[in-house]
Amino acid sequence: MADRIGLALVGCGAISEWHRRALASVPELEVRAAVDPVLVRAEAVARETGARAFDSLGAALAHGDFEAVDLMVPHQLHEALALQVLEAGKHLVLEKPMAPSLDACDRILGAAARSGCVFMVAENAQYWPEVRIAKEALDAGAIGELVTAHVHLFFPPIAAYYGGERPWRMERAIAGGGIAIDTGSHYLRPLRIWLGEIDEVVGAMERPYGAMEGESLVRALLRFRSGVVASFDLLLSEAPVAPQDLFRLTGTRGELTVGLGVKLYDASNRKGVILRPDVPQGYFVSYAEQLRDFARAVREGAPLEAGPEVSLGELRTALALERSARTKRWEKVFA
């Protein structure tokens, strides 16, 4: 394989911008095709990256020069386009969720296995520096035995993702649900990294953001196989909200908070001390690390930090939360 891996960016919407910014620090990957059914968007990305513009994946596969695809399209399109990529023998990094249903995920995983190509589901929280720092602190016993954890994410409908005449995230049939299946995965993955696998969930889902067909409020409890129970609160809100740490991890000897950095509170640091200030941090850093891991797997055959099947844990949790909202009971994640 050439020194640089030719990459097609399929879907030139909002998340594509984050990926393109990250690619600037991943020289192993070279953008050679930009694909979007709205050709002017593909052309704009092509001018920015020096790539060739196409208005369909089929056209790009027929005439483009690339070995790998970065697929960033609405959720309902994931299965059909992922199968097209894998059957063409191209390596694939696919934005989360793998697909809105477990059956569709099974078909994609089967196609990936048959292809022999590298297949990654892009859950960038796997590579979030603050998540790694918190994991190191937990493993070192910084707060003793873990007692409980809390996720708190109240966020505004950012125009790039929720604006325009017909934003696809507003339509349940396209998104496969609401904020649990979409944004929620970024906050479920860290909990799974820190606490292990989720066993069962109970929760409520509501629609305070009326423009969204899926849920825009999730309030839930997650019980892990270890027995630890965590709370999980998400809200899409147009109203101003007060600042709060994204994560709180409570142990027998102290607490860790994760927001702007990772802070440790214990007997020696009752006002808190920031951990690893020497390490580059921030949510955006995770995107470059994610794409670097993908490039390593393609070039060197190295195993991915998290294989695509790992992402099924977030999807299963979102689906279990939907069931619980209907049944008003605890629901198993791996039924």
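Begin by selecting Trp18, Trp128, Tyr187, Trp194, Phe247, Tyr283, Phe284 and Tyr287, which together form one aromatic cluster. Please keep in mind that the model on the screen is predicted. A search of the whole structure finds ten aromatic pairs, and two of them are visited on this tour.

**First stop: Trp18 and Tyr287**

A pair of aromatic rings is described by two quantities, the distance of the centres and the angle of the planes. Select Trp18 and Tyr287: their ring centres are 5.3 Å apart and their planes stand at 45 degrees, a tilted pair. This pair links distant parts of the chain. Now display the surface. Is Trp18 buried or exposed, or does it fall in between? Its relative accessibility is 26%, so Trp18 counts as partly exposed. Tyr287, by contrast, has a relative accessible area of 3% and is therefore buried.

**Second stop: Trp128 and Phe247**

What kind of pair do the rings of Trp128 and Phe247 make? The centres lie 6.0 Å apart and the planes meet at 70 degrees, so this is an edge-to-face pair. Here too, distant parts of the chain are linked: Trp128 sits in the loop between β6 (119-122) and α6 (129-139), while Phe247 is in strand β11 (residues 247-251), 119 residues apart. Trp128 counts as buried at 3% relative accessibility, and Phe247 is likewise buried, at 1%.

Return to the cluster and select Phe284, one of its members. Then select Arg225 and Phe334, where the arginine lies over the face of the ring at 5.0 Å from its centre.

**Last stop: the cysteines**

Finally, select Cys105 and Cys117. How many disulfides does the structure hold? The number is zero. For Cys105, the nearest cysteine sulfur is that of Cys117, 18 Å away.

Key: Residues numbered from 1 in each chain as written. Predicted model: local features only at pLDDT ≥ 70, side-chain atom pairs only at ≥ 80, totals over all residues. Heavy atoms only, no water. Phe/Tyr/Trp six-rings, centres within 6.5 Å; stacked < 30°, edge-to-face > 60°. Helix = DSSP H or I, 4+ residues; strand = E, 2+ residues; numbered from the N terminus. Buried < 20%, exposed > 50% of the residue type's maximum accessible area, 1.4 Å probe, protein only. Lys NZ or Arg CZ within 6 Å of the ring centre and 35° of its normal. Disulfide = S-S within 2.5 Å.
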